[in-house]
Amino acid sequence: MEVVIKSGAEEAAVPAADAIERLLADKPDAVLGLATGSSPQALYDELVRRYEAGRISFARARGFMLDEYVGLDAGHPERYRNVIERELVGRVDFAPDAVQGPDGLADDPQAAAVAYEQAIADAGGVDLQVLGIGTNGHIAFNEPGSSLASRTRVQPLTAQTREDNARFFDDDVDAVPPLCLTQGLGTIMAARHLVLLASGTGKAAAVRELVEGAVSASWPATIMQHHPHATVLLDEAAASRLERADYYREAYAAKPQWQGF
Ligand code: GLP
């Protein structure tokens, strides 16, 4: 796991944008895994800037979202399909229907989960998966206790996650749906490169477990320690509880330019 500590969230997003720019240059029809939430916003803004500058094109790329609330109206602004459209997809040149997410409005959500796994497999798997992390250590919506081998499925949200996400629902925790569809930890681990972004002190405890804790379903993101190609991009606040922060800084400073991420 490579840990990079930058002064702020915007600076931390740059290496992630570099990795995506390089991937799309090498493989224009790459499959991107797209997270929603506040963590990737700086990255998506940077990708839009590079698209507008003519450095990057998504015209042949495809995308798969990590998760979706169950039961939010098709037009609800916080439905993740609408969030990703607003924050990235509608601002760049993805082809129509090139980005899909789990169907939170399906009559049979579990069947939708199985179909989603198949769609990812049919696309050849995810080349680069963008991730955030919840304050309780979840990735996607894999709450503590999730099987480390889990696949896309229906998952109840913890009270903590609903409280954390109430800020997107006018601070009304009861408006946050209780159920979601989420890629599993096993699904996420099958992506070829994991790029996790975290910023702010609220994430510091989860980041500490992610990078330096024991691998455990109690902190689901720790499964990333088993991934052969995982990049963790942090601001100073999110990195503030890491014991080996100085080492990560030294290692990054010594990294050869050609190596990339
Ligand atoms: C959310 C999402 C995750 C996200 C995480 C952190 O609930 N389901 O995909 O990465 O929790 O959210 P944020 O980036 O808004 O802090």
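Reader: How do S6 and S9 pair, parallel or antiparallel, and over how many bridges?
Author: In this predicted model, S6 and S9 pair in the parallel sense, and four bridges link them. Within that pairing, Val130 stands opposite Val195 in S9.

Reader: And which way do the side chains of S6 point?
Author: Strand S6 covers residues 128–131; Leu128 and Val130 point one way, while Gln129 and Leu131 point the other way. In a regular strand the side chains alternate between the two faces of the sheet.

Reader: Are those residues buried or exposed?
Author: All of them are buried.

Reader: What about S2 and S6, how many bridges there?
Author: Strand S2, residues 31–34, pairs with S6 in the parallel sense over two bridges. Leu32 has Leu128 in S6 as its bridge partner.

Reader: What is the strand order of the sheet with seven strands?
Author: The order is S1-S10-S9-S6-S2-S3-S5; the sheet is open and its pairing is parallel. At the edges are strand S1 (2–6) and strand S5 (99–100), each of which pairs on one side only.

Reader: Which helix packs on it, and which strands does the helix touch?
Author: Helix H7 (residues 204–212) packs on this sheet and touches S1, S9 and S10. The direction of H7 makes about 150° with that of S10.

Reader: How many bridges join S9 to S10?
Author: Five bridges join strand S9 (residues 193–198) to strand S10 (residues 230–235), and the two run parallel. Val195 stands opposite Thr231 in S10.

Reader: Changing topic: what is the order in the sheet of three strands?
Author: That open sheet has the order S4-S8-S7, with antiparallel pairing. Strand S4 (67–69) and strand S7 (153–156) each have a single partner strand, so one side of each is left without a neighbour in the sheet. On average, neighbouring strands of this sheet are turned by 30° against each other, direction ignored.

Reader: Which residue is the bridge partner of Glu68 in S8?
Author: The partner of Glu68 is Leu181. S4 and strand S8 (residues 179–182) pair in the antiparallel sense over three bridges.

Reader: Last topic: at what angle do H1 and H2 pack?
Author: Helix H1 (residues 9–26) and helix H2 (residues 41–52) pack at about 55°, with axes 8 Å apart. That makes H1 oblique to H2. Their crossing is right-handed.

Reader: Which residues meet there?
Author: Those in H1 include Ala13, Ala17 and Ile20, and those in H2 include Leu43, Leu47 and Arg50. By class, the contact of H1 with H2 has nine nonpolar, no polar and five charged residues.

Technical notes:
Residues are numbered from 1 along each chain as its sequence is written. This is a predicted model: local features need pLDDT of at least 70, side-chain atom pairs count only at pLDDT 80 or more; totals for chains, interfaces and linings use all residues. Side-chain values use heavy atoms; hydrogens and water are left out. Axes are lines fitted to C-alpha atoms, for helices over the stretch in contact, and angles run from 0 to 180 degrees between N-to-C directions. Angles under 35 degrees count as roughly parallel, over 145 as roughly antiparallel, 65 to 115 as roughly perpendicular and the rest as oblique. A crossing is left-handed if the near helix is turned anticlockwise from the far one by less than a right angle, and right-handed if clockwise. Contact means heavy atoms within 4.5 Å. Ala, Val, Leu, Ile, Met, Phe, Trp, Tyr, Cys and Pro count as nonpolar, Asp, Glu, Lys and Arg as charged, and the others, Gly among them, as polar. Two strands pair if DSSP finds at least two bridges between them. Buried means under 20% relative accessible area, exposed over 50%, partly exposed in between (1.4 Å probe, protein chains only).
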